[in-house]
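Hi everyone, thanks for coming.

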Amino acid sequence: MDNTHLAALQAKHAGLEALIVSELQRPHPDDTTVASLKKQKLRLKDEMARA
């Protein structure tokens with residue numbers, strides 16, 4: 001996997017983290033949304049580890 005692809009994955013990972021933090025700061029965070037974002041983030045982390 002090339003560095004460009006890895007950098008894109010890292011950017012997506014950081015973006016998902018920002019979305020998670022933002023959702024958790026809401027007065028009533030949506031647990032389903034948070035769980036979905038965390039699963040997406042974990043999939044990206046796994047893909048980055050394989051790179």
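Let me start with a definition: a residue is buried when its relative accessible area is under 20%, exposed when over 50%, and partly exposed in between, with a 1.4 Å probe and protein chains only. With that in hand, take H13, which sits in helix α1 and is buried, at a relative accessible area of 18%.

Now the housekeeping. This is a predicted model, so local features need pLDDT of at least 70 and side-chain atom pairs count only at pLDDT 80 or more, while totals for chains, interfaces and linings use all residues. Residues are numbered from 1 along each chain as its sequence is written, and side-chain values use heavy atoms, with hydrogens and water left out.

On to α1 itself. Helices here are DSSP runs of H or I with at least four residues, strands are runs of E with at least two, and both are numbered from the N terminus. Helix α1 covers residues 3-24, 22 residues in total, and from first C-alpha to last it reaches 31 Å. That is close to the 32 Å expected, where the expected span is 1.5 Å times one less than the number of residues. At its N-terminal end there is a cap from D2, with a side-chain oxygen 3.2 Å from the backbone nitrogen of T4. For polar contacts, the criterion is a pair of N or O atoms within 3.5 Å; within protein, one must be able to donate a hydrogen and the other to accept it, and residues adjacent in sequence count only if both atoms are side-chain atoms.

Which residues of α1 are buried? They are L9, H13, L16, I20 and E23. Looking down the axis of α1, these buried residues fall within an arc of 90°, so they line one face of the helix; the arc is taken from the directions from the helix axis to the C-beta atoms. The face turned away from that buried side carries the exposed residues N3, T4 and A11. And the cover over the buried residues of α1 includes α2, residues 31-50.

That brings us to the core. A nonpolar core is a set of buried Ala, Val, Leu, Ile, Met, Phe, Trp, Tyr and Cys residues joined through side-chain atoms within 4.5 Å. The largest one has seven residues: L9, L16, I20, V34, L37, L44 and M48. Two or more of them come from each of α1 and α2, and α2 gives the most, with four.

Let's look at some contacts, meaning heavy atoms within 4.5 Å, leaving aside neighbours within four places in sequence. L44 is in contact with L9, K12, H13 and L16. H13 touches K41, L44, K45 and M48. M48, in helix α2, is buried at 18% and is in contact with L6, L9, Q10 and H13. M48 and I20 are 19 Å apart, C-alpha to C-alpha.

Last topic: charges. How many salt bridges does a search of the whole structure find? Two, where a salt bridge is a side-chain nitrogen of Lys or Arg within 4 Å of a carboxyl oxygen of Asp or Glu. E17 pairs with K41, closest N and O atoms 2.2 Å apart, and this pair links helix α1 to helix α2 across 24 residues. E17 counts as partly exposed, at 30%. E23 pairs with R26 at 2.8 Å; E23 is buried, at 10%, whereas R26 is partly exposed, at 42%.
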